[in-house]
Amino acid sequence: MLATVVALAVPLLLAGCGADESAPGPTTASSSATGSPSSPASPTGSPSATPSTSPTTAPSSADAPRPSPTDQTTTDQTTTGQAPAEQTEQTGIDASHHQGPIDWRQVAAAGIEFAYLKASEGTRFVDPRFAENRRAATARGLVVGGYHYFQLCTDGTAQARHFIDVLGKHDPVRQLAPALDLELAGSCATPPPRTELLAEVREFLAVVDAHTGTRTVVYLYPELEERFGFAGDLADHPQWVRRLGDREPRRPWQVWQYDDRGTVPGIAGGVDLNLRRTG
């Protein structure tokens with residue numbers, strides 16, 4: 001597997017996914033499904049990262065191997081009687097406008113194969129760099145998907161419709177499944193009771209799944225998961241799990257966010273690094 005972009009870092013809040021629409025939350029680079037919008041707050045563990053003003057050719061950590069549960073193609077053991085499916089792992093990032101301008105040519109040349117990009121938040125916010133980042137990353141051969149930063153006190157159906165409007169038509173062959181970023185940071189100070197919040201999240205997923213014809217990937221920031229324990233309830237959707245370091249997450253995952261201050265040529269400052277299972 002490619003190892004040009006790994007630089008394990010001290011745990012920090014996710015940068016790509018952070019909150020942008022409301023509440024003054026953390027404004028640092030971590031927020032990324034793997035970073036929330038502008039001023040409001042960057043989710044502490046969201047799929048994206050640090051604000052930057054101009055792309056630089058950051059040194060790539062070629063000597064530091066990325067965490068890899070398996071450096072080779074693996075076989076998925078099944079009990080269905082069908083031939084087991086092969087799984088491979090791709091290296092990717094999640095990012096938002098917090099990363100500033102990105103030189104996707106350099107990113108692709110460094111071995112990055114996919115990118116989750118912040119598309120929207122709440123019912124109004126649109127990441128100002130989403131459209132251009134998606135166009136440029138796709139042009140360089142990356143597989144791209146959008147993610148939505150969920151506002152905990154806002155109607156789930158309304159948020160889903162906003163996300164769909166920003167994403168546009170979904171192409172399941174050329175695009176990643178959409179992702180939902182669930183965090184406490186940057187949202188209302190007093191979230192709804194567990195049952196109510198879970199119902200809103202399920203409404204969001206139902207609307208987006210129906211629109212795209214696929215299952216939305218769910219990112220549960222550890223702090224939110226500790227409080228609400230949604231992982232089991234949402235296990236019918238692919239999981240994007242944050243566990244910084246080289247030890248694989250304990251629960252099943254499709255995307256593993258293993259670094260929130262990775263170094264990637266073409267991106268100024270740190271960025272969230274992820275592994276993605278395919279097949």
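## Strands 8, 9 and 10

Strand 9 and strand 10 (residues 271-278) run antiparallel and are joined by 5 bridges. On the other pairing, strand 8 runs parallel to strand 9, with 3 bridges between them. Helices (H or I, at least four residues) and strands (E, at least two) are DSSP runs, numbered from the N terminus, and two strands pair if DSSP finds at least two bridges between them. This is a predicted model, in which local features need pLDDT of at least 70 and side-chain atom pairs count only at pLDDT 80 or more, while totals for chains, interfaces and linings use all residues. Residues are numbered from 1 along each chain as its sequence is written, and side-chain values use heavy atoms, with hydrogens and water left out.

Strand 9 (residues 255-262) is largely enclosed by the rest of the structure, because 7 of its 8 residues are buried. Buried means under 20% relative accessible area, exposed means over 50%, and partly exposed is in between (1.4 Å probe, protein chains only).

## The nonpolar cores

The largest nonpolar core holds 46 residues, and Ile93, Trp104, Leu182 and Leu234 touch the most other members. Helix 4 (residues 194-212) gives the most to this core, with 6 residues. Apart from it lies another core, of 11 residues, including Phe114, Tyr116, Leu176 and Val255. A nonpolar core is a set of buried Ala, Val, Leu, Ile, Met, Phe, Trp, Tyr and Cys residues joined through side-chain atoms within 4.5 Å. In soluble globular proteins, nonpolar side chains tend to be buried together.

Leucine 234 is worth a look. Beyond its neighbours within four places in sequence, leucine 234 is in contact (heavy atoms within 4.5 Å) with Leu182, Leu198, Val201, Arg202, Leu205, Val218, Leu220 and Gln239.

## Around aspartate 209

Two side chains make polar contacts with the side chain of aspartate 209: histidine 237 at 2.6 Å and threonine 216 at 2.7 Å. A polar contact is a pair of N or O atoms within 3.5 Å; within protein, one must be able to donate a hydrogen and the other to accept it, and residues adjacent in sequence count only if both atoms are side-chain atoms.

Histidine 237 lies in the loop between helix 5 (222-228) and strand 8 (239-242), and is buried at a relative accessible area of 6%. Setting aside neighbours within four places in sequence, its contacts are Leu205, Asp209, Arg215, Thr216 and Val218. Threonine 216 sits in the loop between helix 4 and strand 7 (217-220), and is buried with a relative accessible area of 0%. With neighbours within four places in sequence left aside, threonine 216 is in contact with residues including Pro178, Leu180, Val208, His237 and Pro238.

## Alanine 231

The loop between helix 5 and strand 8 also holds alanine 231, which counts as buried at 12% relative accessibility. Not counting residues up to four places away in sequence, alanine 231 touches Leu220, Glu225, Gln239 and Arg251. From C-alpha to C-alpha, alanine 231 and arginine 251 are 8.9 Å apart in space, and they are 20 residues apart in sequence.

## The disulfide

How many disulfides does a search of the whole structure find? There is 1, joining cysteine 153 to cysteine 188 with an S to S distance of 1.9 Å; a disulfide is a pair of cysteine sulfur atoms within 2.5 Å. The torsion about its S-S bond is about 80°, so the disulfide is right-handed. The pair links distant parts of the chain, 35 residues apart: cysteine 153 is in the loop between strand 5 (143-149) and helix 3 (156-167), and cysteine 188 is in the loop between strand 6 (179-182) and helix 4.

Cysteine 153 is partly exposed at 45% relative accessibility, and cysteine 188 is partly exposed with a relative accessible area of 22%.

## The two faces of helix 2

Helix 2 (residues 130-139) has Phe130, Asn133, Ala136 and Ala137 buried. These residues lie on the same side of helix 2 because they cover an arc of only 140° around the axis, the arc being that of the directions from the helix axis to the C-beta atoms. Their cover includes helix 1 (104-109), strand 3 (114-121), strand 5 and helix 3.

The face turned away from the buried side of helix 2 carries the exposed residues Ala131, Arg135 and Ala139. Just after helix 2, glycine 141 takes a positive phi of about 95°.
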